[in-house]
Amino acid sequence: MSTSTEVNPEKPRVGFDAFLLSALWLAGLVTVLWGAAKTDDPLFAVHMGIFALGFTAMLIWLLRRTGRIMGGTIRQTAYEDDIVRVGTILTVFWAVIGLTVGVVIAAQLAFPTTLSFPDIPYLSYGRLRPLHTSAVIFAFGGTALLTTSFYVVQRTTKARLAGGLLPWFVMWGYQLFIVLAATGYVLGITQSREYAEPEWYVDLWLTLVWVVYLLVFLGTIWKRKEPHIYVANWFYLAFIVTIAMLHIVNNLAMPVSFLGTKSYSAFSGVQDALTQWWYGHNAVGFFLTAGFLAMMYYFVPKRAERPVYSYRLSIVHFWTLIFLYIWAGPHHLHYTALPQWAQTLGMTFSLMLWMPSWGGMINGLMTLSGAWDKLRTDPVIRMLVVSVAFYGMSTFEGPLMSVREVNSLSHYTDWTVGHVHSGALGWVGFVSFGAIYCLVPWLWGRKQLYSLALVEWHFWIATIGILLYITAMWVTGIQEGLMWRSYDESGFLQYTFVETVEAKHWLYIVRMLGGVLFLLGALIMAYNVWRTIRGDVHESESAGKPALAGAQPAE
């Protein structure tokens, strides 16, 4: 069997991919320098400068790597693991950044007077909130998906990543997109579309990166040595293809000037709203669900050392989820100008999603059949299993909230915020953390993590943080909804909006504390990962069992 340490008999050489990338980045550098020189928009000039720095850095990286290849200092291994190592470190970095910004804006909501900076627009809640959202979803979550997909597709196809240096273009290009998006938020460059705020030129760059990502993934599957395509790759592929379609359609826009930041959407009115929430809900469905289900189907069986409970159920789970999810977006637009038949269609398909979602949850949990004892001894598998439980809870709550009568109470309240974070922190966060804890010893050839006790601390601190967060939001959301629909004996609203805000002040403090605990868990993970990469083992665990501590699995 091949492992990442075996040397390929074919000597590494500089191929067409290196010339293609150097030409692309040089052309990009010339274009953005021209744009920066010609524009009258100072914000556009700033972003062109960031593009220029990014292209320059990628060119320097390419020249150095090409020199190392020509000098014979880079070994050609069976798998391209260097990019997975870089992605793993970046995933941890973005987790800390995204969660830190989340704590800051939670504190701003809890103490708006103290943490208000009217003279510093970059620190306003309106700019930091989308920064937090995108940092957690696209920077942390997206980098985790890129990283794990590159690892999983190689192991399950027994083939090296296709495209030579093109996977590196995907990784570095995606990081450039993250930096452009983040700086755009704080500078006020936005097209005001939830989960899709970056302006037209950043969208075009992401489209290019994403197309190359699809080609690399398909190319690796095409040259596979394993005849069967493992189910995790189907989920990754659905995530890549559908996100491409959603991104292109939702971001169709006409720029006011090709030398300026501002653009106008191709859609307007209720069509714009429907397009936005067709995108918004399916960004959740295919970015935050399908992609991370691929992680579940690889890392849970691998860590538990058990086969998937039912491979047939995993295929049924895949096809039903993929077919049903794409129709559920209109449930975000109850009681709006959207025709009622379309609202009902979205609600109906949302309710039908209970079946595949819970089928997948049951499949993940039952994979531990015969290995339930590992929950007592291995906190990494416990984190992965609890993530699957949060997936089940979130996918029960989501369809429930799509019912029109429930939605009339929950929509526009903090109940929605609690629902989103039970999925984002409990499902996406925990399955990503579990994958990182698996990958780090495997990739760096360590027999075990630095400290399983620190994983245990991470698990319990983060779990308490999630529970504080979502229960506070459930309570304040339902309270908020009931206060908004309360009338006095004269038929007037009983409470002003300010009174509803005042009533939930202490719950906002609880929410902030929950976020602080979850961030603390991520910092513990970052320390544990750093010490593991160094090759350290905590003195109290130096005699730990390799099977539990994450030794390199046989491939």
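The model is predicted. Helix α15 (residues 414-444) takes part in both pairs, with α13 (residues 379-402) as one partner and α4 (residues 125-157) as the other. The residues are H281 in helix α8, S314 in helix α9 and E489 in the loop between α16 and α17.

**Helix α13 with helix α15**

- The axes of α13 and α15 come within 8 Å and cross at roughly 155°.
- An angle over 145 degrees counts as roughly antiparallel, so α13 is roughly antiparallel to α15.
- The crossing of α13 with α15 is left-handed.
- Sorted by class, the residues in the contact of α13 with α15 are 17 nonpolar, 9 polar and 1 charged.

**Helix α4 with helix α15**

- The axes of α4 and α15 come within 11 Å, and their crossing angle is roughly 40°.
- The two helices, α4 and α15, are therefore oblique to each other.
- α4 passes α15 in a left-handed crossing.
- On the α4 side, the contact is made by H132, F140, A144, T147, T148 and Y151.
- On the α15 side, the contact is made by H421, G429, S432, F433, A435, L439, W442 and L443.
- By class, the contact of α4 with α15 has 8 nonpolar and 6 polar residues, and no charged residues.

**H281**

- H281 lies in helix α8, which spans residues 269-304.
- H281 has a relative accessible area of 9% and is buried, because the cut-off for buried is under 20%.
- A polar contact at 3.1 Å joins the side chain of H281 to the side chain of H332.
- Not counting residues up to four places away in sequence, H281 touches Y325, A328, G329, H331 and H332.

**S314**

- S314 is placed in helix α9, residues 311-325.
- With a relative accessible area of 0%, S314 is buried.
- A polar atom of the S314 side chain lies 2.5 Å from the backbone oxygen of Y311.
- Leaving aside neighbours within four places in sequence, S314 is in contact with V231, F235, Y297 and N363.

**E489**

- E489 lies in the loop between α16 (452-484) and α17 (497-503).
- E489 has 79% relative accessibility and counts as exposed, because the cut-off for exposed is over 50%.
- From C-alpha to C-alpha, E489 and L26 are 71 Å apart in space.
- In sequence, E489 and L26 are 463 residues apart.

How values were computed. Residues numbered from 1 in each chain as written. Predicted model: local features only at pLDDT ≥ 70, side-chain atom pairs only at ≥ 80, totals over all residues. Heavy atoms only, no water. Axes fitted to C-alpha atoms, helices over the stretch in contact; angles between N-to-C directions. Helix = DSSP H or I, 4+ residues; strand = E, 2+ residues; numbered from the N terminus. Parallel < 35°, antiparallel > 145°, perpendicular 65-115°, else oblique. Left-handed = near helix turned anticlockwise from the far one by under 90°. Nonpolar A, V, L, I, M, F, W, Y, C, P; charged D, E, K, R; others polar. Buried < 20%, exposed > 50% of the residue type's maximum accessible area, 1.4 Å probe, protein only. Polar contact = N/O pair within 3.5 Å; in protein donor to acceptor, adjacent residues only side chain to side chain. Contact = heavy atoms within 4.5 Å.
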